[in-house]
Amino acid sequence: MLNILHWADTNDSVESVFKSLAPANWRYISARTLSDLERHEELRRADAVIVVNLDFTASEIDVLEHCKLVVHQGVGTDNVDVDRLLQRGIPLDVTSAGTTEEVAEYAIMLMLASSRFLKAISGEVDARRWPTWNYRSVSRSLAGRNVGLVGFGRIGQAVASRLLAMKAHVHVFPGPGRDLSVDWQGRVNTAPSLEALCRAVDLLSLHVPLRADTAGMVDAKMLDCLPHGAMLVNTGRGQLIDEIALAERLADGRLAAAALDVVVPEPPPADHPLLGLPNVLVTPHLSSGTRDSLEAKVHSIISRISATLAPTSAAVK
């Protein structure tokens, strides 16, 4: 019997997918249901840990006695002490399955929602108004639009493919020292710097992981490089942006709108500077959150753990 600890604070519906697909020789348990003392004991006995949205720090890692693998249910590992895992000699896997297409679709949805001021219009209808003409002079189409992508990995490329199909002009800042593959040359425009990208576009979308060199990269200076009336979309991490500077520019109209699936902290306090602004749409970090994505991730995670811990055990049910 393998002890598999789900290091997450999710809900029964998410955990039920794991339970329904897990091999019969797994003892699967969720940290959400445990006391602090019970968590300590389950960490001690765990053969593998699946990390989701709870911090997995040195305090937890140092309790591990039998763990052979930590798998992150996603690709962002900023809530994991990667260095401590490395020191302990415990491998860390990420789960790209079920992320790329969902996040790309969500980013496009946020671009459309912000460009067409969907939040404000829906709010007016809920208030029993009918603003048929109010937003026509400010709403924008993606066709013919200069859209900038910060980062050009799997998700950035999937977003670019969709934007090109919608006849947008795509500009890319892949990052320092990163070049576009031959497949993309001539299809998108490459910016030599983030500042150059911001000056060239009127809709900016973030698709880079949170690292020391990306934290706070979209600061007041970069925001002021965007043209008046530009829009911002973020499905990466809230820490990529100076949120106070962004809120100021949205409140005074220098930027037209923002659509954000990530903020700092999560969940945000009631007085968060970006909440309540009529031109800001905030969603609760769920861009990859579909049933299809969850099942793809679970299958990938189970296969990886089974291959590492019990290569001869039964396959996923």
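How exposed is D78, given as relative accessibility? D78 counts as partly exposed, at 38% relative accessibility. The legends below take this residue and several others in turn.

Some notes before the views: this is a predicted model, in which local features need pLDDT of at least 70 and side-chain atom pairs count only at pLDDT 80 or more, while totals for chains, interfaces and linings use all residues. Residues are numbered from 1 along each chain as its sequence is written, and side-chain values use heavy atoms, with hydrogens and water left out.

**View 1. Confidence across the model.** The protein has a mean pLDDT of 94, and 98% of its residues reach 70 or more; pLDDT is the predictor's confidence in each residue, from 0 to 100. Please read residues 312-317 with care: the pLDDT there is below 50, and this stretch has 11 contacts in the model beyond near neighbours in sequence (contact means heavy atoms within 4.5 Å).

**View 2. The salt bridge between R237 and D78.** The closest N and O atoms of R237 and D78 are 2.9 Å apart; a salt bridge here is a side-chain nitrogen of Lys or Arg within 4 Å of a carboxyl oxygen of Asp or Glu. R237 lies in the loop between β10 (230-234) and α10 (243-251), and D78 in the loop between β4 (69-72) and α4 (82-88), so the pair ties together parts that are 159 residues apart in sequence. Helices (H or I, at least four residues) and strands (E, at least two) are DSSP runs, numbered from the N terminus. R237 is buried, with a relative accessible area of 18%; buried means under 20%, exposed over 50% and partly exposed in between (1.4 Å probe, protein chains only).

**View 3. The salt bridge between E42 and R27.** Here the side chains of E42 and R27 meet, with 2.7 Å from N to O. Because E42 lies in helix α2 (residues 36-45) and R27 in strand β2 (residues 26-30), the pair ties together parts that are 15 residues apart in sequence. E42 counts as buried at 7% relative accessibility, whereas R27 is partly exposed at 27%.

View 4. D202 and R145 form a salt bridge, their closest N and O atoms being 3.1 Å apart. The loop between α8 (194-200) and β9 (203-206) holds D202, and the loop between α6 and β6 holds R145, so this pair ties together parts that are 57 residues apart in sequence. Both D202 and R145 are buried. Elsewhere, salt bridges that share partners join R27, E41, E42, R44, R45 and E65 into one network. A search of the whole structure finds 22 salt bridges.

**View 5. Two residues with positive phi.** Most residues other than glycine have a negative phi. F117 has a positive phi, near 50°, and lies in the loop between α5 (100-115) and α6 (118-126). R128, with a phi of about 70°, lies in the loop between α6 and β6 (146-150). F117 is buried at 13% relative accessible area, while R128 is exposed at 72% relative accessibility.

**View 6. Two cis peptide bonds.** Most peptide bonds are trans. The bond joining V264 and P265 is cis, with omega about -10°, and the bond from E266 to P267 is also cis, with omega near -5°. P265 is found in the loop between β11 (255-260) and β12 (280-282), and P267 is in the loop between β11 and β12 as well.
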